[in-house]
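Here is a short tour of a protein model, meant to be read with the structure open beside you. We will go from a pair of strands to a core, and end at a helix.

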Amino acid sequence: MRTSPLLVVRSGLTLAAAAALPLAVTAQPAAAVSGISVSTTGTTVSVVTGACTLVNGSWGTASLLNSSQANFAQGRQVALSGTTVSQSAAWSNVSPGTYTVVVMCSNGNTAGTQSVIVSAPSTPTIRATASPSRGVMGGLGGAARDYGTVTMAGGGALVGAGVIAAAWFLRRRSKPHRL
C-alpha cells in the first residue's frame, strides 16, 4: 500500500492536536491562577479562595483597597471564614469605584490579588404620563378617531346605495329572460 506524504502530515497534525487537548482542558482561568475569585452583587463584594490553611483558629484576612490605598493594612479588612476546601469573605455597602482585593493567609502567604469594579446600582425612574382626556373610545370604528356628522352621513349614504344596488342586481337576475 502506498502512503502519500500529505496523509502522513495530516495524521501527524491530528495526533498532535489530540495529545494537546487534555492540556487545554485542564488549563485554569486567569482568576483561578491568582488563587482567589472575586465577585460583586450590587454594593457587596465577595472573595472566595481555597489556598489558605487553618493556623491557630484563623484562616487569614482579606482586605479591600480603593485606588488611593497602597498597602494591605490601609484597606477594609475582614477575617476569612469557611472550611478546608473553601474560605470566603464579603464587604457590604461598597461605594461605586475600582477596588483591589488582597487575601493574606494566616501563615503569612498571599493567596492572591485581584481588581474589581463596583457599579452604581440602577434605580428605576417613575414618570407620570398624561391620561387621555376623553378616555378610550370604544365601539365600531371609533377607537382611533372621532369623525364628524358630515362624514358619518356620507358613509351611511354610501352603505345605503350599496344595499339598494345589490338588491336591484339580485332581483333582475332572478327574472327569466324573455325574447
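Let's start with β1 and strand β2 (residues 44-49), which run antiparallel and are joined by six bridges. Across this pair, S37 stands opposite V48 in β2. A word on the background: this is a predicted model, in which local features need pLDDT of at least 70 and side-chain atom pairs count only at pLDDT 80 or more, while totals for chains, interfaces and linings use all residues. Residues are numbered from 1 along each chain as its sequence is written, and side-chain values use heavy atoms, with hydrogens and water left out.

Strands here are DSSP runs of E with at least two residues, and helices are runs of H or I with at least four, numbered from the N terminus. Two strands pair if DSSP finds at least two bridges between them.

The open sheet has four strands in the order β1-β2-β6-β5, paired antiparallel. Its edges are β1 and β5, each with a single partner strand, so one side of each has no neighbour in the sheet.

| Edge strand | Residues |
|---|---|
| β1 | 36-41 |
| β5 | 81-82 |

Now for the core. A nonpolar core is a set of buried Ala, Val, Leu, Ile, Met, Phe, Trp, Tyr and Cys residues joined through side-chain atoms within 4.5 Å; buried means under 20% relative accessible area, with a 1.4 Å probe and protein chains only. The largest has 19 residues, of which V45, V47, W91, V101 and V103 touch the most other members. β7 gives the most, with four residues.

Finally, none of the 26 residues of helix α3 is buried, so α3 lies largely in the open.

Notes
Buried means under 20% relative accessible area, exposed over 50%, partly exposed in between (1.4 Å probe, protein chains only).
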